[in-house]
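Hi,

Here is the structure we talked about. Have a look at it first, then read my notes below.

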Amino acid sequence: MFTSTGSNGFYKAPLSKSLLLVPSAISILLTLLFQHYQKFFAYNLQAVKEDFQIWRLVCGRTICLDLKDTFCSTLLIYNFRIFERRYGSRKFSSFLLGAWMLSALFDLLLVEITQYIFGITINSLPSGFLGPVFALFVPFYSSIPRVQVTQVLGHFSITNKSLVYILGLQLLTSGSYIWILALSGLISGICYNSSMLKVHRILCVPRWVAKIFSWTLEPVFSSAEPTNEVRVGMGATVDIQRQQRMELLDRQIMMSQVAQMRRQRQQQGGMINWNRLFPPLRHRHNANYQDHPSEGIPPPTEVSEEQVARLMEMGFSRGDALEALRASNNDLNVATNFLLQH
């Protein structure tokens, strides 16, 4: 439910596509056809601690043995693919690797703490790629803008992030000890994103490894660039479908205004006055956006190329990214918010 980016599929997200397809296919095969092999993918902590079967960490923390967990985690990975576009495949894979390793450590610590405090012995945990999935909620909460879609009963807001949180809650309640995986994943996500701990400098994918996977796997899982045609999704109710059509109409009107003002800019050699498109920006208290009645055009603002690259990785064009960042005075969240809505 990321509005305009939702129709882009897995464009510029080959790692997310592989994480969705391959583990899901193995999970379905293990459940339906090869049940006798499921024991090799069980997340058996007792075997890891007592028999030092480290390979169980790899198998048990990669493939889900519960189809409900498989379904929820794949939907979450699909929604979290926006981070691969934003960070790039190497940085995204580094985050997943770091979160996977840290959450494995926190799993063992939390199990020992639970046994010490409550006297509960936990020999196994739900299997699957769940730790990194829960870790992705940390950047999702902190960096994805909140855009209201509709309201329920006039008080409860439904946003573009509500479905993801509902899926996370469903995954959290699917097993008895899955809260340990969720807590360890959230802690590992916070640790990896922390600028003080500098974990991202230690737990990262080397460039030569990223290049090898780029040459071998990216051609297999890459997706074609989406067309400019915008499709109306199928809402669950008539009200949601009506809201989607209204958003589509609003987006089409906005894009026609942008195209018209671009033509004027090319003829006059000026820049787009985004304050006319987005009146609330005129009320931002910023020295760079003082009104100029004589000119009617705000002074140009220097744009960070890093922020432009992040918006382009999310699927927006360079021109739209530049104009949105100039209009929002280099505020990445505000620029992303407007681009997602329009």
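**Helix α4**

In α4, the buried residues are Asp69, Thr70, Cys72, Ser73, Thr74, Leu76, Ile77, Asn79 and Phe80. Keep in mind that this is a predicted model.

How far apart are the end C-alpha atoms of α4? They are 20 Å apart. That agrees with what to expect, because the 14 residues of α4 (residues 67-80) should span 20 Å at 1.5 Å a residue. Now look at the start of α4. There, a side-chain oxygen of Asp66 comes to within 2.9 Å of the backbone nitrogen of Lys68.

**Helix α9**

Next, go to α9, which runs over residues 162-172. Its buried residues are Ser162, Val164, Leu167, Gly168 and Leu171. An α-helix has 3.6 residues a turn, so residues three or four places apart point the same way. What covers the buried residues of α9? The cover includes α4, α7 (130-135), α8 (137-143), β4 (156-159) and α10 (178-193).

**The second largest pocket**

The second largest pocket holds about 1100 Å³ of space. Its lining has 34 residues. Nearest its centre lie Leu15, Ser18, Leu19, Ser93 and Phe213. Two or more lining residues come from each of α1 (14-32), α3 (55-60), α5 (82-87), α6 (89-118), α12 (207-216) and α13 (218-221). Which element gives the largest share? That is α1, with seven residues. By class, the lining has 22 nonpolar residues, six polar and six charged.

Best wishes

Key: Residues are numbered from 1 along each chain as its sequence is written. This is a predicted model: local features need pLDDT of at least 70, side-chain atom pairs count only at pLDDT 80 or more; totals for chains, interfaces and linings use all residues. Side-chain values use heavy atoms; hydrogens and water are left out. On a 1 Å grid over the protein atoms alone, a cavity is a set of points where a 1.4 Å probe fits but cannot get out, and a pocket is an open set with protein on both sides within 12 Å along at least five of seven lines; lining residues have an atom within 4 Å of a point. Grid points are joined across faces, edges and corners, and a volume is the space filled by probe spheres set on the points. Helices (H or I, at least four residues) and strands (E, at least two) are DSSP runs, numbered from the N terminus. Ala, Val, Leu, Ile, Met, Phe, Trp, Tyr, Cys and Pro count as nonpolar, Asp, Glu, Lys and Arg as charged, and the others, Gly among them, as polar. The expected span of a helix is 1.5 Å times one less than its number of residues. Buried means under 20% relative accessible area, exposed over 50%, partly exposed in between (1.4 Å probe, protein chains only). A polar contact is a pair of N or O atoms within 3.5 Å; within protein, one must be able to donate a hydrogen and the other to accept it, and residues adjacent in sequence count only if both atoms are side-chain atoms. Contact means heavy atoms within 4.5 Å.
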